[in-house]
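Keep the viewer open as you read.

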Amino acid sequence: MDTRTGAVRSAEALIRWVHPTRGVVSPAQFIPLAEECGLIGVIGEWVIREACRQTRVWQDAGVPALRVSVNLSASQFREAGLVDSIRRALDDAGLQARYLEVELTESAVMTDPEQSVAILEQLSAMGVLVSVDDFGTGYSSMSYLRRFPIDKLKIDRVFINEIASRPEDASIVRAIVSLAHSLSLKVVAEGVETPAQLDFLKAAGCDEYQGYHFSRPLPAGDFARLIRDTRTNAVLTEEEATRTHSKLAAYKRT
């Protein structure tokens, strides 16, 4: 959600396992096992393809245009052929790259910085946006922010939970917002659940937020109805869809 206007800007694709006897299983339970068994690549590729397919389905059904973000695990990010796999998923769905965003943790991009730069530059050149997820909890050095083609920083929910009552957390959030904006990056707050948290983020100049304050995770059909019900004129305008803050994109425009 746009913190200032309340417009819906994008959505994050979340995976759940609907088990025949256990019901809905959290990714916290099966993703670590999938990584141990070497299945995370297959699952991750399916998630990307499904996110692209569903986004195009929404567009064809007249749902206001939205960008959908997908989390990439560290091991998936290192797989050979990742960029080609994302390109095929976009082509097969008939979806423009500007409607896809990938999220990576700081530790994932810093495992091999040189390889990360090469991969992220290819994704950025395609038009895919790149976000750093759980910012503030991972790698201690921030030198990568000036090297990598990154579009957004997502503030980890651990700093949002008590933002209205802990001065230390409030100071950290203000610092992250200031840092992001000084680098021409957008900043997104994760895990926003209360009006007090949102009020603080508005005052701090945070660009966007996500969390239960707007909605809990929903199946695709329910989400489409929610977007239609909350439709505003500012749902990912054409300008927003094409604009990227990445250094590579900015360099190519000059």
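The buried residues of helix 4 are Leu82, Val83, Ser85, Ile86, Ala89, Leu90 and Ala93. They cover an arc of only 165° around the axis, which puts them on the same side of helix 4. Here "buried" means under 20% relative accessible area, "exposed" means over 50%, and "partly exposed" is in between, using a 1.4 Å probe and protein chains only. The arc is taken from the directions that run from the helix axis to the C-beta atoms. Helices (H or I, at least four residues) and strands (E, at least two) are DSSP runs, numbered from the N terminus.

A quick note on the source: this is a predicted model, where local features need pLDDT of at least 70 and side-chain atom pairs count only at pLDDT 80 or more, while totals for chains, interfaces and linings use all residues. Residues are numbered from 1 along each chain as its sequence is written, and side-chain values use heavy atoms, with hydrogens and water left out.

Back to helix 4. On the other side of this helix, Asp91 and Asp92 are exposed. The cover over its buried residues includes helix 2, helix 3 (74-77), strand 5 (100-105) and helix 6 (113-126), where contact means heavy atoms within 4.5 Å. Helix 4 spans residues 82-93, twelve residues in total, and reaches 17 Å from its first C-alpha to its last, close to the 16 Å expected at 1.5 Å a residue. That expected span is 1.5 Å times one less than the number of residues. After the helix comes Gly94, with a positive phi near 65°.

## Helix 8

Now look at helix 8 (residues 195-204), whose buried residues are Gln197, Leu198, Phe200 and Leu201. Seen down the axis of helix 8, they fall within an arc of 160°, so they line one face of the helix. Pro195 and Ala203 are exposed on the other side of helix 8. The buried residues of helix 8 pack against helix 7 (167-182), strand 8 and strand 9. Gly205 follows helix 8, and its phi is positive, near 85°.

Two strands pair if DSSP finds at least two bridges between them. Strand 7 (residues 152-155) and strand 8 (residues 186-189) run parallel and are joined by four bridges. Leu153 has Val187 as its bridge partner in strand 8.

## Charged pairs

Side chains of opposite charge can pair when their charged atoms come close. How many salt bridges does a search of the whole structure find? It finds 14, counting a side-chain nitrogen of Lys or Arg within 4 Å of a carboxyl oxygen of Asp or Glu. Three of them are in the table.

| Pair | N to O distance |
|---|---|
| Glu50 and Arg53 | 2.6 Å |
| Asp60 and Arg56 | 3.0 Å |
| Lys152 and Glu208 | 3.6 Å |

Glu50 and Arg53 sit three residues apart in helix 2 (residues 40-60), separated by about one helical turn. Glu50 is partly exposed at 25% relative accessibility, and Arg53 is partly exposed at 38%. Asp60 and Arg56 also lie in helix 2, four residues apart, about one turn of the helix. Asp60 is exposed at 57% relative accessibility, while Arg56 is partly exposed at 30%.

There's a network too: salt bridges link Glu12, Glu103, Lys154 and Glu190.

## Aromatic pairs

The whole structure holds two aromatic pairs. The rings of Trp17 and Phe30 have centres 5.8 Å apart and planes at 85°, so the pair is edge-to-face. Rings of Phe, Tyr and Trp (its six-membered ring) pair if their centres lie within 6.5 Å; planes under 30 degrees apart count as stacked, over 60 as edge-to-face and the rest as tilted. Trp17 is partly exposed at 41% relative accessible area, whereas Phe30 is buried at 10%.

The rings of Trp58 and Phe223 have centres 5.1 Å apart and planes at 45°, so this pair is tilted. Trp58 lies in helix 2 and Phe223 in helix 9 (residues 220-229), so the pair ties together parts that are 165 residues apart in sequence. Both Trp58 and Phe223 are buried.
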